[in-house]
Amino acid sequence: MSGPYVIRGSVVLPEAELVWRFSRSSGPGGQHVNTSDSNVELRLDLVKTEALPPVWKERALERLAGRLVDGVLSVRASDHRSQWRNRETAAVRMAALLAEATAPPPKPRRKARIPRGINERRLREKKQRGETKRGRSGRDWG
């Protein structure tokens with residue numbers, strides 16, 4: 001691979017904890033097509049990993065719960081014909097997935113306070129519009 005894949009900050013994908021599996025890509029093919037192992041599956045045991053800080057690990061396990069099978073995160077790549085490029089793609093996807101899953105929660109939104117002048121103007125315009133409409137009714141035209 002081309003080097004350490006940074007999740008965020010100084011935390012990188014732990015090369016020792018990654019499990020690679022290669023198989024033939026599915027899909028249409030003819031003579032001499034899909035004869036190499038170009039489908040790549042990359043697995044990382046999130047429960048046992050020591051690479052992530054405890055807070056990040058907790059966040060990742062919670063946010064990726066739907067994708068995990070027995071605490072193992074799995075990513076597949078078969079976009080390219082080259083196994084090497086698929087390895088790169090899978091590792092980048094894994095790093096991006098973990099970066100998103102371990103990101104801190106967004107700050108809570110503070111409700112904006114509407115300035116009093118704006119509210120008063122809105123009410124004044126509503127009253128004026130009501131007066132205009134009331135003037136259109138045929139009650140006084142008798």
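Which residues of helix α1 (residues 54-63) are buried? They are Trp 56, Lys 57 and Ala 60. Buried means under 20% relative accessible area, exposed means over 50%, and partly exposed lies in between (1.4 Å probe, protein chains only).

This is a predicted model, in which local features need pLDDT of at least 70 and side-chain atom pairs count only at pLDDT 80 or more, while totals for chains, interfaces and linings use all residues. Residues are numbered from 1 along each chain as its sequence is written, and side-chain values use heavy atoms, with hydrogens and water left out.

## The chain as a whole

The protein chain has three helices and five strands. Both are DSSP runs, numbered from the N terminus: helices are H or I with at least four residues, strands are E with at least two. Along the sequence, the pattern reads β-β-β-β-α-β-α-α.

Buried residues make up 28% of the 142 residues in the protein chain. The chain exposes about 10,700 Å². Carbon and sulfur atoms supply 52% of that area. Accessible areas come from the Shrake-Rupley method with a 1.4 Å probe; for residues, only the protein chains shown count as cover.

Now consider contacts, meaning heavy atoms within 4.5 Å.

Seen down the helix axis, they fall within an arc of 100°, so they line one face of α1. The arc is that of the directions from the helix axis to the C-beta atoms. What do these buried residues pack against? Their partners are β1 (6-8), β2 (11-12) and α2 (83-102). The face of α1 turned away from the buried side carries the exposed residues Pro 54, Val 55, Glu 58 and Glu 62.

Glu 41 sits in strand β4 (residues 39-45). Is Glu 41 buried or exposed? Glu 41 counts as buried because its relative accessibility is 7%.

Leave aside its neighbours within four places in sequence. Glu 41 is then in contact with Val 19, Trp 20, Arg 21, Ser 74, Val 75 and Arg 76. Ala 91 is 50 residues away along the chain, and its C-alpha atom is separated from that of Glu 41 by 9.6 Å.

Polar contacts come next. Such a contact is a pair of N or O atoms within 3.5 Å; within protein, one must be able to donate a hydrogen and the other to accept it, and residues adjacent in sequence count only if both atoms are side-chain atoms. The side chains of Glu 41 and Arg 21 are joined by a polar contact of 2.7 Å. Another, of 3.4 Å, joins the side chains of Glu 41 and Arg 43.

A salt bridge is a side-chain nitrogen of Lys or Arg within 4 Å of a carboxyl oxygen of Asp or Glu. The count comes to seven salt bridges. Among them are these:

| Salt bridge | Distance, N to O |
|---|---|
| Glu 41 and Arg 43 | 3.4 Å |
| Arg 76 and Glu 41 | 3.7 Å |
| Arg 134 and Glu 131 | 2.8 Å |

Arg 76 lies in strand β5 (residues 72-77) and Glu 41 in strand β4, so this pair ties together parts that are 35 residues apart in sequence. Arg 76 is partly exposed, at 47% relative accessibility. Arg 43 is partly exposed too, with a relative accessible area of 30%. A network of salt bridges links Arg 21, Glu 41, Arg 43 and Arg 76.

Arg 134 and Glu 131 are three residues apart in helix α3 (residues 116-136), so about one helical turn separates them. Arg 134 is partly exposed, with a relative accessible area of 47%. Glu 131 is also partly exposed, at 45%.

## An aromatic pair

How many aromatic pairs does a search of the whole structure find? It finds one. Trp 20 and Phe 22 form this stacked pair, at 6.4 Å centre to centre with 5° between the planes. Rings of Phe, Tyr and Trp (its six-membered ring) pair if their centres lie within 6.5 Å; planes under 30 degrees apart count as stacked, over 60 as edge-to-face and the rest as tilted. Trp 20 counts as buried, at 17% relative accessibility, whereas Phe 22 is partly exposed, at 29%.
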